[in-house]
Amino acid sequence: MGLLDDRIALVNGGTQGVGAAIARAAVREGAVVAVTGRRPEPGEALVGELAAAGGKAMFVRADLADAEQARTAVAEVVRAYGRVDCLVNSAGLTSRGTLLDTTPELFDQHIAINLKAPFFAMQAAVADMVRREEPGTVVNIITSSAHGGQPFLAPYVAAKAGLMGLTRNAAHAHRWDRIRINGLNIGWTATEGEDATQRAFHGAGDDWREVAAARLPMGKLGQPEEIAEFVVFLLSERSGVVTGSVIDWDQNVLGGLD
């Protein structure tokens, strides 16, 4: 439908999983897309796939654990295309840790990827929008666990809860600049990263997706492609004036009890 025609979109953590699905959906809707990632192989492969489908995309190699690289990635897109209209922060670290066994090093890793990188990517992108006196949109991929989460996700929850608050703060600060900033609290989602996490930390077998789906109300895990369509809606003018919203994109209802 061309929801993002002539938009320049940067998707951080866009080389696999939810980020890659968002990149594909944005290109289908007319955007020029840049994706960031640490490894060039999947990044270049995705860019090739998008180009083969008639889209325009670029890969920016960046380790988002380094806040300066998060800012530099925005600068590279501005150099290449002149501006950034849309930013999606979809990179995430989900390694496990409880309140009792999380080390300072693990805690710092979660803060760096899940909170600090989005902060400084937004800083750079919003600065570009303000400099040009043009509107823009940002979507932060957060997590339904930010409301409390599982005991083994303590540092993850701490960082993502911070991102939830930051999303609202930044949206309030820049609403008069016509920059809309929203967040999505996604639930359990079928991604390559989740597959690796389930096998590494929970001893999951090849059938873990089927086992998990059977325990969920809708009979399936969240799908990256479905999340991507919702993100494109939030990035586009179709979502109107909505800003500062953090939407629970999940099949379990917060506060509901059986």
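The following dialogue asks how some values for this predicted model are reached.

Student: What makes this model one to read with cut-offs?
Tutor: The model is predicted, so local features need pLDDT of at least 70 and side-chain atom pairs count only at pLDDT 80 or more, while totals for chains, interfaces and linings use all residues. Residues are numbered from 1 along each chain as its sequence is written, and side-chain values use heavy atoms, without hydrogens and water.

Student: How do you know how many helices and strands the protein has?
Tutor: Helices are DSSP runs of H or I with at least four residues, and strands are runs of E with at least two, numbered from the N terminus. The protein has eight helices and seven strands.

Student: Why does the radius of gyration agree with a compact globule?
Tutor: The radius is taken over C-alpha atoms, and the globule rule is 2.2 Å times the number of residues to the power 0.38. For 258 residues a compact globule would have a value near 18 Å, and the protein has 18 Å, so the two agree.

Student: What makes a residue buried, and what share of the protein is buried?
Tutor: Buried means under 20% relative accessible area, exposed over 50%, and partly exposed in between, with a 1.4 Å probe and protein chains only. Buried residues make up 50% of the 258. In helix α5 they include Y156, L163 and A170.

Student: What covers the buried residues of α5?
Tutor: With contact meaning heavy atoms within 4.5 Å, the cover includes α4 (104-132), β5 (136-141), β6 (179-186) and β7 (246-249).

Student: How do you know that the span of α5 is close to the expected one?
Tutor: The expected span is 1.5 Å times one less than the number of residues. Helix α5 (residues 154-173) has 20 residues and reaches 29 Å from its first C-alpha to its last, close to the expected 28 Å.
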